[in-house]
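Here is a short briefing on one protein chain. Please look over the sequence and the model before reading on.

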Amino acid sequence: MVMSESRGRPSEARSRLLNTACRLFYAEGIHAVGVDRIATEAQVTRATFYRHFPSKEELVLAYLDEADLAMRRRADEAVAAGLPAADTIRALSESIAGSIKSPGYRGCAFLNAVAEFPDPGHPIHMAVLAHRQWFLDKVTELLADIRETPAEAAAHHFVMMRDGATAAGCLFDPVMVCETFLHGVEALLRTHAISRSIDPSAPELGTPSPRETDAVSARSA
């Protein structure tokens with residue numbers, strides 16, 4: 001669930017507006033929630049609303065910025081632990097799984113937002129893409145610490161698994177979804193760590209080992 005994490009020390013009214021918007025936008029959708037309702041629930045006047053946010057679009061961008069900050073802090077915490085890159089990715093994955101299993105979970109705030117703003121040129125759409133590019137770059141960097149090539153391909157794989165888990169988490173049993181996601185992460189890490197440059201005799205991915213070949217021959221005999 002999206003939690004509001006404000007930069008600096010904004011005014012109390014701005015904090016209430018942003019906290020209210022984060023809660024309502026995430027729970028009910030951006031288009032479904034109007035300025036009047038946000039102002040009413042935040043207990044501010046429309047004039048106060050527009051003093052802090054000149055438009056609803058500005059408020060939506062601030063909401064996404066809060067979600068972006070929350071994700072960056074989770075990533076920074078995982079990295080700050082000083083674990084090997086693979087364990088850092090595991091910690092980040094566990095954090096994502098924890099969010100999926102949290103009460104009131106309604107999917108990824110960014111995927112939800114981009115579904116409501118499909119125009120690639122819209123500022124909200126662009127903000128979603130910027131966040132996703134940062135996340136992809138961070139995962140690529142971590143995977144490159146394990147094995148440089150093909151870190152980018154593996155990172156895209158990870159992001160797609162994360163997307164699938166965050167989308168499925170509010171549709172199916174979140175525990176099952178998280179278990180599937182974490183198993184997928186483990187499989188990706190094992191596959192990514194394989195390098196023929198380390199062991200030239202290692203079979204290519206998908207090629208049966210000699211033991212597997214012998215077992216197949218024995219069954220066929």
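The points below go from the overall fold to single residues.

This is a predicted model, where local features need pLDDT of at least 70, side-chain atom pairs count only at pLDDT 80 or more, and totals for chains, interfaces and linings use all residues. Residues are numbered from 1 along each chain as its sequence is written, and side-chain values use heavy atoms, with hydrogens and water left out. The chain has ten helices and zero strands. Ten salt bridges turn up in a search of the whole structure, and zero disulfides.

**Overall fold**

- Helices (H or I, at least four residues) and strands (E, at least two) are DSSP runs, numbered from the N terminus.
- Read from the N terminus, the elements run α-α-α-α-α-α-α-α-α-α.
- The chain has 221 residues, and 39% of them are buried.
- Buried means under 20% relative accessible area, exposed means over 50%, and partly exposed lies in between (1.4 Å probe, protein chains only).
- Contact means heavy atoms within 4.5 Å.
- Among contacts between residues at least 6 apart in sequence, 67% join residues at least 24 apart.

**Surface**

- Accessible areas come from the Shrake-Rupley method with a 1.4 Å probe; for residues, only the protein chains shown count as cover.
- Leu171, Phe172 and Met176 make a nonpolar surface patch of about 340 Å².
- Patches are made of residues with over 30% relative accessible area and no salt bridge; like charges are joined within 9 Å, and nonpolar side chains (Val, Leu, Ile, Met, Phe, Trp, Tyr) within 5 Å.
- Met176 belongs to helix 9 (residues 174-193).
- Met176 is partly exposed, at 39% relative accessibility.

**Helix 2 and its cover**

- Helix 2 spans residues 35-42, and Val35, Ile38, Ala39 and Ala42 are buried in it.
- Down the axis of helix 2, these buried residues fall within an arc of 95°, so they line one face of the helix.
- The arc is that of the directions from the helix axis to the C-beta atoms.
- Cover for the buried residues of helix 2 includes helix 1 (12-28), helix 3 (46-52) and helix 4 (56-80).

**Salt bridges**

- A salt bridge is a side-chain nitrogen of Lys or Arg within 4 Å of a carboxyl oxygen of Asp or Glu.
- Side chains of opposite charge can pair when their charged atoms come close.
- Arg23 pairs with Glu41 in a salt bridge, with the closest N and O atoms 2.9 Å apart.
- That pair links distant parts of the chain: Arg23 is in helix 1 and Glu41 in helix 2, 18 residues apart.
- Arg23 is partly exposed at 39% relative accessible area, and Glu41 is partly exposed at 33%.
- A network of salt bridges links Arg23, Glu28, Arg37 and Glu41.
- Asp87 forms a salt bridge with Arg90, with the closest N and O atoms 2.7 Å apart.
- Asp87 and Arg90 are three residues apart in helix 5 (residues 85-100), so about one helical turn separates them.
- Asp87 is partly exposed at 30%, and Arg90 is partly exposed at 30%.
- Arg90 also meets Glu186 in a salt bridge (2.6 Å, N to O).
- This second pair links distant parts of the chain: Glu186 is in helix 9 and Arg90 in helix 5, 96 residues apart.
- Glu186 is partly exposed, with a relative accessible area of 27%.

**Cysteines**

- Cys22 is buried at 2% relative accessibility.
- Cys178 is buried, with a relative accessible area of 2%.
- A disulfide is a pair of cysteine sulfur atoms within 2.5 Å, and the search of the whole structure finds zero.

**Ser55**

- Ser55 sits in the loop between helix 3 and helix 4.
- Ser55 is partly exposed, at 26% relative accessibility.
- Leaving aside neighbours within four places in sequence, Ser55 is in contact with Phe49 and Tyr50.
- Ser55 and Val35 are 20 residues apart in sequence and 8.8 Å apart in space, C-alpha to C-alpha.
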